[in-house]
Amino acid sequence: HGDNPSGTLPDGCPNIFGNSTMDEYGCKDLDGDGWSDSGDAFPRDSDSWSDADDDGFPDQGDPDEVDDCPQVSGESFRNGTLGCPDADLDGWSDAEDEFVNESSQWADTDADGYGDQLIGFEGDACPATPGNSTEDRYGCPDEDGDGWSDDGDDMPSNPTQWKDRDGDGYGDNSTGTMADDFPSDGTQWNDTDGDGHGDNPYGSE
């Protein structure tokens with residue numbers, strides 16, 4: 001490659017020996033792909049040389065390493081999707097992330113709004129079964145809609161009650177229906193006259 005810049009195949013680096021041929025002639029090309037080291041985004045990888053969106057993922061080369069969104073800068077790297085937008089930086093591209101702004105969650109198998117990662121934010125304790133529980137656990141069936149999962153609700157059909165410590169069928173919530181006037185005594189539950197003694201003649205009060 002001659003030193004005359006206006007001649008045929010002019011040397012882009014006339015004072016340095018090189019073998020580049022793509023972006024300029026005669027400059028150093030460490031990986032031998034034809035692109036000069038100064039014009040090669042990946043000077044040590046002969047299969048890749050450009051990175052249009054400048055996100056670190058190549059525009060060409062090994063299919064398992066090529067940028068899946070070459071015109072848009074991104075950080076995604078999970079699920080085989082590289083270099084696409086990832087708002088919460090959890091590795092999952094926004095297009096494949098069910099929780100775009102929550103880094104601890106990305107999938108929601110049962111589509112109930114709670115993520116499959118149990119230790120993540122509001123992790124679904126029943127990831128394969130849709131549910132709306134929120135009190136004792138997230139995302140499990142809650143028949144009466146009181147927030148307590150059916151498995152954690154002592155009275156799963158009564159939305160005003162969820163705990164029944166003494167197991168007598170009357171709930172501990174004094175303002176709910178079927179309220180227990182004696183929540184720690186399984187033999188009594190009603191005190192109609194309010195005298196502190198239960199209505200059940202066979203009870204302990």
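Me: Let's begin with C84: why is C84 called buried?

Reply: Its relative accessible area is 6%. Buried means under 20% relative accessible area, exposed means over 50%, and partly exposed lies in between, with a 1.4 Å probe and protein chains only. The 6% of C84 is under 20%, so C84 is buried. Before we go on, please note that this is a predicted model, in which local features need pLDDT of at least 70 and side-chain atom pairs count only at pLDDT 80 or more, while totals for chains, interfaces and linings use all residues. Residues are numbered from 1 along each chain as its sequence is written, and side-chain values use heavy atoms, with hydrogens and water left out.

Me: How do you know that C69 and C84 form a disulfide?

Reply: Their sulfur atoms are 1.9 Å apart. A disulfide is a pair of cysteine sulfur atoms within 2.5 Å, so C69 and C84 qualify. The link of C69 and C84 is right-handed, with 90° about the S-S bond.

Me: And what makes C69 partly exposed?

Reply: C69 has 21% relative accessibility. That value falls between 20% and 50%, so C69 counts as partly exposed.

Me: How many disulfides are there in the whole structure, and what pattern do they follow?

Reply: A search finds 3 disulfides. With bonded cysteines counted along the chain, the pattern is 1-2, 3-4, 5-6. Among them is the pair C13 and C27, with sulfur atoms 1.9 Å apart, and that link is right-handed at 95° about the S-S bond. C27 has a relative accessible area of 2%, so it is buried.

Me: Why is the disulfide of C126 and C140 called right-handed?

Reply: The torsion about the S-S bond of C126 and C140 is about 95°, so the disulfide is right-handed. Their sulfur atoms are 2.0 Å apart.

Me: Are C126 and C140 buried or exposed?

Reply: C126 has 18% relative accessibility, which is under 20%, so C126 counts as buried. C140 is buried too, with a relative accessible area of 3%.

Me: What can you tell me about the phi of N79?

Reply: N79 has a positive phi of about 60° although it is not a glycine. Most residues other than glycine have a negative phi. A111 also has a positive phi, of about 55°, and is not a glycine either.

Me: Why are N79 and A111 called exposed?

Reply: N79 has a relative accessible area of 54%, which is over 50%, so N79 is exposed. A111 has 65% relative accessibility, so A111 counts as exposed as well.
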